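I opened a new page for this model and went through it residue by residue. My notes are below the display.

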Amino acid sequence: MEKALQNMQNAVEAFMQTMDDTEKKIAQVDKKIKSLREELEPMEVQVLELSSKLRETERTLHDKLNKVKRVRRLYLNAKTDSQLKMYEKEYNQLMKEVHKLDKTLSDLRDQYEKLVQKEEKLLKKEMDLEAQKAELYHNRERMMKQATQIMGRLSSKINRTRNA
């Protein structure tokens with residue numbers, strides 16, 4: 001009987017140590033998840049701002065291209081040299097603006113893609129940490145179930161010893 005009680009005491013101590021270790025690991029994982037969240041939140045804001053800038057730049061570029069199209073039509077229908085020069089000057093100016101907007105749009109798209117890729121990596125890392133946390137909780141539940149079973153067996157032994 002004493003041997004069973006000693007085994008039970010050792011099992012309980014091991015169980016408590018394992019539970020403490022599991023709690024520490026869960027706390028570490030929670031801390032990592034929290035730090036990832038703090039890193040992700042400003043990044044999500046940046047992604048939204050960049051996508052807004054992208055839409056605005058695309059709209060501006062589209063408007064400029066429509067103006068270029070209109071000026072080109074006017075240039076082709078010009079009747080005097082002064083009109084030709086005026087439309088050509090306006091056309092060249094618009095094309096410079098279009099090229100500038102196109103370069104800006106390209107840069108914004110590159111920034112957006114890099115930011116989205118970085119955000120996706122962090123989200124994947126967060127999901128992995130969440131899975132690890134779930135696994136730790138599952139292990140803790142399993143250990144609690146085992147401890148309950150051991151306690152039940154010990155209780156049965158004690159009852160049998162009393163009745164004997």
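**Entry 1: the model.** I am working from a predicted model, not an experimental one. I kept that in mind throughout.

**Entry 2: the core.** I looked up the largest nonpolar core first. It has 24 residues. Those with the most contacts inside it are Val 29, Leu 61, Leu 115, Leu 122 and Leu 129. I then asked which helices supply it. Helices α1 and α2 (81-163) each give at least two residues to this core. The largest share comes from α1, with 12 residues. I noted the general background too: in soluble globular proteins, nonpolar side chains tend to be buried together.

**Entry 3: Leu 115.** I picked one of the core residues with the most contacts, Leu 115. What does Leu 115 touch, leaving aside neighbours within four places in sequence? I found Met 43, Gln 46, Val 47 and Leu 50.

**Entry 4: Lys 133.** I went to Lys 133 next, in helix α2. Is Lys 133 buried or exposed? Lys 133 counts as buried, because its relative accessibility is 18% and the cut-off for buried is under 20%. I checked its side chain for a partner. The side chain of Lys 133 makes a polar contact with the side chain of Asp 30, at 2.6 Å. Not counting residues up to four places away in sequence, Lys 133 touches Val 29, Asp 30 and Ile 33. Val 29 is also on my list of core residues with the most contacts.

**Entry 5: Thr 22.** I moved to helix α1 and stopped at Thr 22. Thr 22 is buried, with a relative accessible area of 7%. I set aside its neighbours within four places in sequence and listed the rest. Thr 22 is in contact with Leu 136, Arg 140 and Met 143.

**Entry 6: the surface patch.** Which residues make the nonpolar patch of about 260 Å²? Val 12, Met 16 and Met 151 make it. Met 16 counts as partly exposed, because its relative accessibility is 44%.

**Entry 7: a distance.** I finished with Gln 111, in helix α2. Gln 111 counts as partly exposed at 44% relative accessibility.

Notes
Residues are numbered from 1 along each chain as its sequence is written. This is a predicted model: local features need pLDDT of at least 70, side-chain atom pairs count only at pLDDT 80 or more; totals for chains, interfaces and linings use all residues. Side-chain values use heavy atoms; hydrogens and water are left out. Patches are made of residues with over 30% relative accessible area and no salt bridge: like charges are joined within 9 Å, nonpolar side chains (Val, Leu, Ile, Met, Phe, Trp, Tyr) within 5 Å. Accessible areas come from the Shrake-Rupley method with a 1.4 Å probe; for residues, only the protein chains shown count as cover. A salt bridge is a side-chain nitrogen of Lys or Arg within 4 Å of a carboxyl oxygen of Asp or Glu. Buried means under 20% relative accessible area, exposed over 50%, partly exposed in between (1.4 Å probe, protein chains only). A nonpolar core is a set of buried Ala, Val, Leu, Ile, Met, Phe, Trp, Tyr and Cys residues joined through side-chain atoms within 4.5 Å. Helices (H or I, at least four residues) and strands (E, at least two) are DSSP runs, numbered from the N terminus. Contact means heavy atoms within 4.5 Å. A polar contact is a pair of N or O atoms within 3.5 Å; within protein, one must be able to donate a hydrogen and the other to accept it, and residues adjacent in sequence count only if both atoms are side-chain atoms.
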